[in-house]
Amino acid sequence: MKPLFNDWKSRYSLLWLMMWFIAAAFFSGSSSEHHLADSLKGIHLTHPLGCDTFGRDMLATILRGSLTSAAFALFTTITAIFLAIVIGGLTALTPKTVQFMLSRLLDLFLAFPSLLFALGWAVIRGPGWSTLIFALMIESVPSLTRLVHVRIREILTHDYIEAAKNLGADSLWIMKKHLVPPVLSICMVKLPNLFAHALMAEATLSFLGLGAPLGKDTWGSLLAQGKEYLIEAPHIALTSGFPLVLTVLSLQVLSERLSTTIKGLNTFRKMIHVES
Amino acid sequence: MWTGLFRALSLLTILLGIFAATRGLVRALPGDPLETLIAESGTSIPPQILREEFNLDKPFFAALISDLKKASVGDFGLSLLTRQPVAEVVAKRFLNTLALSLLALIIGLTVSLLLGLSAAAKPSGLADTICTVYGGIAAALPTPWLGPIIILTFAVIIPIFPVGGNIIPPALTLALGFSGVWARLIRERVRDTLMTGSATGARARGVPEWKVILKYGFAPASAGLAAYLGTRFGGLLAGAFVTEVIFNWSGLGSLLVESVLQRDYMMVEGATFVAAGACLMGTWAGDLAQNFINPVRQTK
């Protein structure tokens with residue numbers, strides 16, 4: 001097996017993510033006090049990325065906002081994975097009719113963009129974190145559930161499951177030994193991808209005014225501010241989006257590497273399995 | 001023929017379901033729907049009229065049937081804010097969205113076809129590398145960042161288009177967003193069909209390379225690609241919605257976002273129904289195109 005992340009692309013991606021995270025953690029306690037005298041000030045020695053409308057240093061504000069966005073994205077990603085494993089796993093053991101109904105229900109969710117569901121939710125409950133979480137769950141849970149469901153059903157048809165049953169293994173043992181590891185490995189491959197999706201969705205919905213509550217700095221709300229003052233202060237739009245793009249690109253690279261490695265791992269396992 | 005009829009029937013059922021769901025939005029409001037509606041939207045219309053307009057005095061199914069009757073003659077109610085007929089406003093805005101999406105589709109398809117096919121023709125050549133890099137970067141660019149950058153480019157750096165009202169900058173933004181993924185997809189699918197052996201045979205017979213790519217690579221893959229395009233129509237529409245807000249393009253998306261933020265419930269109901277219906281029609285059209293290109297599949 002090739003060592004993971006042993007090429008220049010993934011190294012730079014990891015480096016960027018770590019650097020950004022450390023910087024964001026360092027700036028998480030910095031003050032968000034307004035200095036209106038510095039409002040919309042451009043790039044300057046004391047403010048390397050300029051200032052925003054409220055005269056706050058752009059770099060510190062982006063770092064603080066990105067930490068909020070990342071915390072939110074991590075929370076929703078892990079919740080989505082948990083939900084997908086529970087729903088996909090439980091329904092894999094139910095009768096065919098229930099599985100058919102689940103599959104039609106997932107089709108229904110996948111047929112419409114999650115933005116539509118989010119708009120419907122926002123008009124009932126009002127914009128806010130709940131809208132964001134709802135939109136992300138609608139976007140990520142159905143496809144991931146399908147993936148988990150199909151994988152579990154595929155594993156259950158293998159001979160070694162039958163063999164384990166005949167050797168007296170109970171269902172808990174089979175689950176622990178044969179189902180959880182492969183399902184977790186798919187989810188781990190999907191994790192950077194889901195995380196990147198969550199970041200993008202947060203940015204988009206908060207930008208539209210449906211996401212993060214007013215006064216809370218996130219990547220999306222900073223992008224909205226950038227659009228508002230695009231002509232007077234283009235540096236806000238430019239600088240607030242750039243780190244997001246780099247982060248999403250890095251996550252893409254890692255996801256790609258991870259999936260090729262795990263795919264290799266799976267064929268490797270299969271080979272051993274066939275031989276023994 | 002029966003499958004066609006079955007499909008049309010199931011399509012109609014889902015449309016009815018969407019209609020019921022959008023009509024249920026107001027009833028899902030917390031507390032007494034009417035009171036919440038008045039408090040949230042701050043409307044000055046008397047409660048008695050609102051109760052009648054939203055049919056809140058009837059049970060849900062009775063209200064649904066009367067709404068359906070009205071909708072069948074094109075009456076989707078009146079806007080809470082402007083008192084304009086919802087159907088009229090939504091229809092006008094939807095045409096604008098359609099124009100934007102179609103132009104973006106033409107630009108995006110041209111770019112992704114050219115790039116994807118030339119990448120498939122020569123693995124690990126220049127076009128292949130461009131396709132990979134372009135696909136990766138295009139997927140990582142969030143529309144709320146790309147849009148303002150394009151505005152800045154066209155308004156300040158190369159002032160060709162006016163900032164507002166021109167269709168080309170938003171269409172470019174939208175096309176850039178999806179053409180990367182599509183170029184990669186076309187490359188993968190065409191490369192797969194080129195591997196099946198018929199292409200090697202054609203090359204051995206001396207068929208020119210461009211013809212091999214089109215006839216033995218692209219043509220067999222096109223049915224699957226058309227169906228995929230149909231399923232992605234919803235995503236395209238969602239992208240168009242965000243783009244519209246950025247460029248102040250007066251389409252269905254900007255109408256929906258405005259109406260949600262201003263709590264114009266009647267408008268949200270109508271616009272959501274039309275948007276969801278359009279997604280459904282997109283998937284259906286993709287399926288039809290697939291069957292048209294590859295009729296063998298239909299008889300199965």
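Asn248(B) counts as exposed because 12 C-beta neighbours lie inside 10 Å; a residue is buried if 20 or more other C-beta atoms lie within 10 Å of its own, exposed if 12 or fewer, and partly exposed in between, with C-beta atoms placed from the backbone. The model is predicted: local features need pLDDT of at least 70, side-chain atom pairs count only at pLDDT 80 or more, and totals for chains, interfaces and linings use all residues. Residues are numbered from 1 along each chain as its sequence is written, while chains are lettered from A and ligands numbered from 1 in the order in which they are written.

**Loop residues of chain B**

The loop that holds Asn248(B) runs between helix 11 (233–247) and helix 12 (252–262) of chain B. Helices (H or I, at least four residues) and strands (E, at least two) are DSSP runs, numbered from the N terminus. Arg263(B) is found in the loop between helix 12 and helix 13 (265–293) of chain B. Arg263(B) counts as buried because 21 C-beta neighbours lie inside 10 Å. Neither entry in the table is a glycine.

| Residue | Phi |
|---|---|
| Asn248(B) | positive, about 50 degrees |
| Arg263(B) | positive, about 55 degrees |

**Chain B as a whole**

Chain B has 14 helices and zero strands. Its C-alpha trace spans about 80 × 60 × 30 Å along the principal axes. Of its 300 residues, 39% count as buried. Contacts (C-beta atoms, placed from the backbone, within 7 Å) between residues of chain B at least 6 apart in sequence join residues at least 24 apart in 70% of cases.

Leu16(B) lies in helix 1 (residues 2–23) of chain B. Leu16(B) is exposed because it has 12 other C-beta atoms within 10 Å. From Leu16(B) to Ala219(B) the separation is 203 residues in sequence and 37 Å in space, C-alpha to C-alpha.

**Contact between the chains**

In the interface, 30 residues of chain A are in contact with 35 residues of chain B. On the side of chain A that touches chain B, at least two residues each come from helix 4 (114–125), helix 7 (171–208), helix 8 (219–228) and helix 9 (234–275) of chain A. Helix 9 of chain A gives the most to this side, with eight residues. By class, the side of chain A that touches chain B has 22 nonpolar, seven polar and one charged residues. Ala, Val, Leu, Ile, Met, Phe, Trp, Tyr, Cys and Pro count as nonpolar, Asp, Glu, Lys and Arg as charged, and the others, Gly among them, as polar.

Terms used
Two residues are in contact if their C-beta atoms, placed from the backbone, lie within 7 Å.
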